[in-house]
Amino acid sequence: MRSLRIMQGMHDTIAPQPDHRRLFEVASAQHGYFTTSQATACGIGWASLSRGAATGRYRRIRRGVYRLRDFPSTSWEEIMSAWLAAGADSAVVSHASALALLGLGDIVPDRVHLTVPRSRRALSIGPGVAIHTSTRTLPPTDITIHNGIRVTSPARTLIDVATTGIDPDHLARAIRQAIAHGWTSAEDLRARANEHGPMVRLAIHSATHCGAS
């Protein structure tokens, strides 16, 4: 009986078989990237990841984030890797990076901008990433999914970039495009701006009265 219990205990601790096909499916939906926790869920532990990185099967991109070696490059892979490293369940791409991801305006951000809860303000992803914090959980209406990435909604993004002192011409252009897509309206943006300080209110009201309404 004791031997049976030992055998049952050994069976319970047996690690799942590596499912490389499943990992490929996960990574394919994320521009070729995956996290260590996602690999673990596919039965591929730290030791296997290390061997895979050493042999060139995977490439370690950031702490906790890897990439399939031969996966084709995409336009948004830097954003994807930073977002996954920050925690896809709580982080959201925002500000100038959200503008670029949504195809609004013509700003090319020099960093990946992410918004996380204020409780994670000490988060450090590494160079090339700007972390913004929010004291309140973003409501579902302020988040959308674009190219498989959680990103702030067009209206939220426009308000966010207005808080950074974005060039008025860039802001007006992005607003016109968002309105043309039917993603927001001048009235909605003005109402949102009224919840912020005078700089944001002035920026949004000026932009929406200069051909964006």
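Let's start with helices α7 and α8, which are roughly antiparallel to each other. That label needs an angle over 145 degrees; under 35 is roughly parallel, 65 to 115 roughly perpendicular, and the rest oblique. Here α7 (residues 154-162) and α8 (residues 168-180) pack at about 175°, with axes 11 Å apart. Axes are lines fitted to C-alpha atoms, for helices over the stretch in contact, and angles run from 0 to 180 degrees between N-to-C directions. Helices are DSSP runs (H or I, at least four residues), numbered from the N terminus.

Which residues make the contact? From α7, they are L158, V161 and A162. From α8, they are L171, A174, I175 and A178. Contact means heavy atoms within 4.5 Å. Seven of these residues are nonpolar, none polar, none charged. Ala, Val, Leu and Ile are among those counted as nonpolar.

A word on the model. It is predicted: local features need pLDDT of at least 70, side-chain atom pairs need 80 or more, and totals for chains, interfaces and linings use all residues. Numbering starts from 1 along each chain as its sequence is written, and side-chain values use heavy atoms, without hydrogens or water.

Next, I79, in helix α5 (residues 77-86). Buried or exposed? Buried, with a relative accessible area of 8%. The cut-offs: buried is under 20%, exposed over 50%, partly exposed in between (1.4 Å probe, protein chains only). Leaving aside neighbours within four places in sequence, I79 contacts V93, S97, V112 and I149.

Last, helix α9 (residues 186-193). Its buried residues are A186, L189, R190, R192 and A193. Seen down the axis, they fall within an arc of 160°, so they line one face of α9. That arc uses directions from the helix axis to the C-beta atoms.

Conventions. Helix = DSSP H or I, 4+ residues; strand = E, 2+ residues; numbered from the N terminus.
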